[in-house]
Amino acid sequence: MAEMGSKGVTAGKIASNVQKKLTRAQEKVLQKLGKADETKDEQFEQCVQNFNKQLTEGTRLQKDLRTYLASVKAMHEASKKLSECLQEVYEPEWPGRDEANKIAENNDLLWMDYHQKLVDQALLTMDTYLGQFPDIKSRIAKRGRKLVDYDSARHHYESLQTAKKKDEAKIAKAEEELIKAQKVFEEMNVDLQEELPSLWNSRVGFYVNTFQSIAGLEENFHKEMSKLNQNLNDVLVSLEKQHGSNTFTVKAQPSDSAPEKGNKSPSPPPDGSPAATPEIRVNHEPEPASGASPGATIPKSPSQSSLPAVVVETFSATVNGAVEGSGGTGRLDLPPGFMFKVQAQHDYTATDTDELQLKAGDVVLVIPFQNPEEQDEGWLMGVKESDWNQHKELEKCRGVFPENFTERVQ
């Protein structure tokens, strides 16, 4: 019998809930059609808007924080792999091997500590902050349903009062239901009216604490990482001093991609003629005595022709003390470092401020680059002879030009 009674109560509760849903649906339809008034609370609606905005912002912050943590973890793994690579290539007999290994170990621990502190002081706090929203959101929805119940009970009571044939018993029961619905609604409404503004105001302190924690942790992490990097640098400096004679110098390599400023690629001359390659003459023997044969002319080899002209000519100047074509000594009427002359075979329109504008027939005095590493293959540095004779100002007149637009004349 007890089971039957329990089932009966359950069935009755289900029927009651179904009836409530039907009544609420009917009330909402009447309100939308304008046949029943709806209780409005603009202040509360503003609180709900703020709540939804706060929830959206918090959810986004949580997502971005998780992304940040994932990035920290990825950087940790990349840093660890890089340290492992250094440990593998660092030969046992090299000085500082133990120090380098210890630095790698501390580097790994520092990344782990940073990640864990971010989880403890930022992510867990973030999760706790967002944990209060689902319950409040549920209560806001429930408050909305209770408001519809209250409006429905009020309308039912008002309709019985205005009926032509009044039924006092029904009116009394309707009034009782109205008072009950009003009480339930107002209790929920009052609580939310207090909690929502307080929750909204709490966001400022939460954002401050969260970002202060992240900023502080990141600042300390980079300070400690900077110390480790300095220690590693000291170890490598010590290694370099011991093996300084084998130091490897990194030089810029020409790019295979489209030329950019500082990495020029000369255009072919208009008639498609091959680039003019100057004859390379180097005297390997001291200047012969009177009557002796002059220094031998070295034929051009494939390896020599592939070298930039300025490299070969500079080497020639180093061997002989002067470049052939300059008379063996410096000449006051030529620019400093003058190597040889070329004549433009085609017009060349400059495409940058550091380039020479050439007309066919222009004679150019070729000079070395101030920084040889800045020379791109197929380009020379020079000053037009006419400009030099007129101004004698190298800084204003010099520029680069494509070698394959010219031919050597001296």
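## Basis of the report

Helices (DSSP runs of H or I, at least four residues) and strands (DSSP runs of E, at least two residues) are numbered here from the N terminus. The model is predicted, and local features need a pLDDT of at least 70, side-chain atom pairs count only at pLDDT 80 or more, and totals for chains, interfaces and linings use all residues. Residues are numbered from 1 along each chain as its sequence is written, and side-chain values use heavy atoms, with hydrogens and water left out.

## The pair of helices α2 and α3

Helix α2 covers residues 42–89 and helix α3 covers residues 97–131, and their axes come within 10 Å of each other and cross at roughly 170 degrees. An axis is a line fitted to C-alpha atoms, for helices over the stretch in contact, and angles run from 0 to 180 degrees between N-to-C directions. The two helices α2 and α3 are therefore roughly antiparallel to each other, a label that is given to angles over 145 degrees. In the contact of α2 with α3, the residues divide into 18 nonpolar, 11 polar and 6 charged; here Ala, Val, Leu, Ile, Met, Phe, Trp, Tyr, Cys and Pro count as nonpolar, Asp, Glu, Lys and Arg as charged, and the others, Gly among them, as polar.

Ala100 has its place in helix α3, and with a relative accessible area of 5% Ala100 is buried (buried means under 20% relative accessible area, exposed over 50%, and partly exposed in between, with a 1.4 Å probe and protein chains only). Although Ala100 and Asn231 are 131 residues apart along the chain, their C-alpha atoms are separated by 8.5 Å.

## The sheet

The model contains an open sheet of 5 strands in the order β4-β3-β2-β1-β5, with antiparallel pairing, where two strands pair if DSSP finds at least two bridges between them. The edge strands are β4 (399–402) and β5 (406–408), each of which pairs on one side only, and the twist from one strand to the next averages 50 degrees.

Strands β1 and β2 pair in the antiparallel sense over 4 bridges, and Lys341 stands opposite Leu365 in β2. Leu365 also has a bridge partner in β3, namely Val383, and β2 and β3 run antiparallel and are joined by 4 bridges. Strand β2 is mostly covered, since 4 of its 5 residues are buried. Further along the sheet, 4 bridges join β3 to β4, which run antiparallel, and the bridge partner of Leu380 in β4 is Phe401.

In a regular strand the side chains alternate between the two faces of the sheet. In β4 both faces are covered, with Gly399 and Phe401 buried on one side and Val400 and Pro402 buried on the other.

## A buried loop residue

Gln375 is found in the loop between β2 (363–367) and β3 (379–384), and at 12% relative accessibility Gln375 counts as buried. A polar atom of the side chain of Gln375 lies 2.8 Å from the backbone oxygen of Trp379.

## Salt bridges

Side chains of opposite charge can pair when their charged atoms come close. A search of the whole structure finds 14 salt bridges, each defined as a side-chain nitrogen of Lys or Arg within 4 Å of a carboxyl oxygen of Asp or Glu. In one of them, the side chains of Asp135 and Arg139 meet at 3.6 Å, N to O; both residues lie in helix α4 (residues 133–162), 4 residues apart, which is about one turn of the helix. Asp135 is partly exposed at 46% relative accessibility, and Arg139 is also partly exposed, with a relative accessible area of 21%. Asp135, Arg139 and Glu195 are linked in a network of salt bridges.

Helix α4 also holds Arg154 and Glu158, which are 4 residues apart and therefore separated by about one helical turn, and whose side chains meet in a salt bridge at 3.7 Å, N to O. Arg154 counts as buried at 13% relative accessibility, whereas Glu158 counts as partly exposed at 36%. Lys384 forms a salt bridge with Asp362, the closest N and O atoms being 4.0 Å apart. This pair links distant parts of the chain, with Lys384 in strand β3 and Asp362 in the loop between β1 (340–344) and β2, 22 residues apart. Lys384 is buried, with a relative accessible area of 17%.

How values were computed:
Parallel < 35°, antiparallel > 145°, perpendicular 65-115°, else oblique. Polar contact = N/O pair within 3.5 Å; in protein donor to acceptor, adjacent residues only side chain to side chain.
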